[in-house]
Amino acid sequence: MEQNELIRIENLSVTYDGKTALEWVNLSLSEGEFVAIVGPNGGGKSTLVKAILGLVPYCGRIEFAPEVADRAAIGYMPQMNNFDRAFPISVGELILSGLQGDKGHAWGRYSAEDKAKVAEVARLLGIYTLIDKAIGELSGGELQRALLGRAIISEPKVLVLDEPANFIDPKFEGELYELLTELNKRITIVMVSHDEAAVRSLAHRVVCINRTIQPSPAY
């Protein structure tokens with residue numbers, strides 16, 4: 001791998017039930033980048049993310065630099081519609097669950113230092129007053145902040161976000177993008193988005209996926 005390269009993807013292909021979701025994808029991610037992954041619905045954007053995270057079987061090669069070889073070094077924020085809002089957990093517990101290890105997810109099993117870290121992250125995201133609130137009582141924007149907190153509490157080297165602006169109001173979308181710009185000062189970011197025009201001013205690089213990497217229209 002080249003210097004400052006964190007992830008290299010070579011000839012990646014993913015097949016579900018005999019149907020090709022991705023084929024011959026070649027892509028690299030360097031330290032400090034903000035890369036937006038765009039493309040049509042069903043084009044394979046989320047599949048690419050899942051392959052990077054080791055959540056789906058694939059053919060080809062995904063190589064990680066030593067500092068991200070441990071998957072705990074990659075924070076992940078899933079699509080909100082894939083998250084069970086009925087799960088009986090508080091905002092604080094949700095954020096805390098982003099810490100890796102064998103402690104389990106029970107609040108009482110974590111140290112005072114861990115809980116102080118939750119408070120720090122919650123303050124950063126503007127949801128400190130919601131720490132004890134059940135996630136089922138949150139608005140879309142509040143839940144997105146909590147999910148982002150879970151993704152960043154372990155201080156990952158890479159942050160992967162799958163459609164983070166879905167199901168939120170335009171005001172919070174702007175706040176989210178400002179927050180991600182700030183986080184990008186210390187975390188490399190990969191963000192899946194359906195809105196190429198919106199992310200062009202935010203990302204350093206826009207990659208268009210439709211089964212494979214496609215030329216990205218100029219704006």
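The model is predicted: local features need pLDDT of at least 70, side-chain atom pairs count only at pLDDT 80 or more, and totals for chains, interfaces and linings use all residues. Residues are numbered from 1 along each chain as its sequence is written, and side-chain values use heavy atoms, with hydrogens and water left out. The largest nonpolar core has 46 residues, and the structure holds zero disulfides.

**Nonpolar cores**

- A nonpolar core is a set of buried Ala, Val, Leu, Ile, Met, Phe, Trp, Tyr and Cys residues joined through side-chain atoms within 4.5 Å.
- Buried means under 20% relative accessible area, exposed means over 50%, and partly exposed lies in between (1.4 Å probe, protein chains only).
- In the largest core, the residues with the most contacts inside it are Leu 148, Leu 159, Leu 180, Leu 183 and Met 191.
- The elements that give two or more residues to this core are β3, α2 (91–96), α3, α4 (140–152), β6 (158–162), α5 (170–183), β7 (188–192) and β8.
- These element names follow DSSP runs, numbered from the N terminus: helices are H or I with at least four residues, and strands are E with at least two.
- A second, separate core has 29 residues, including Leu 12, Leu 53, Ala 73 and Val 160.
- Leaving aside neighbours within four places in sequence, Leu 180 is in contact (heavy atoms within 4.5 Å) with Phe 34, Leu 148, Leu 159, Leu 161, Ile 189 and Met 191.
- In soluble globular proteins, nonpolar side chains tend to be buried together.

**Cavities and pockets**

- On a 1 Å grid over the protein atoms alone, a cavity is a set of points where a 1.4 Å probe fits but cannot get out; a pocket is an open set with protein on both sides within 12 Å along at least five of seven lines; and lining residues have an atom within 4 Å of a point.
- Grid points are joined across faces, edges and corners, and a volume is the space filled by probe spheres set on the points.
- There are two cavities of 30 Å³ or more, and the largest cavity holds about 70 Å³ of space.
- Residues lining the largest cavity include Ile 7, Leu 27, Val 35, Leu 48 and Arg 205.
- Strand β2 gives the largest share of that lining, three residues.
- By class, the lining of the largest cavity has nine nonpolar, one polar and one charged residues.
- Here Ala, Val, Leu, Ile, Met, Phe, Trp, Tyr, Cys and Pro count as nonpolar, Asp, Glu, Lys and Arg as charged, and the others, Gly among them, as polar.
- The second largest pocket has a volume of about 250 Å³, and its lining has six nonpolar, no polar and five charged residues.
- Helix α3 (residues 112–124) gives the most to the lining of this pocket, with four residues.

**Positive phi**

- Most residues other than glycine have a negative phi.
- Asp 17, in the loop between β1 and β2, has a positive phi of about 50 degrees and is exposed at 83% relative accessible area.
- Arg 211, in the loop between β8 (205–210) and β9 (212–214), has a positive phi near 70 degrees and is partly exposed at 36%.

**Cysteines and Pro 40**

- A disulfide is a pair of cysteine sulfur atoms within 2.5 Å.
- Cys 59 is exposed, with a relative accessible area of 53%, whereas Cys 208 is buried at 11%.
- Pro 40 lies in the loop between β3 and α1 and is partly exposed at 37%.
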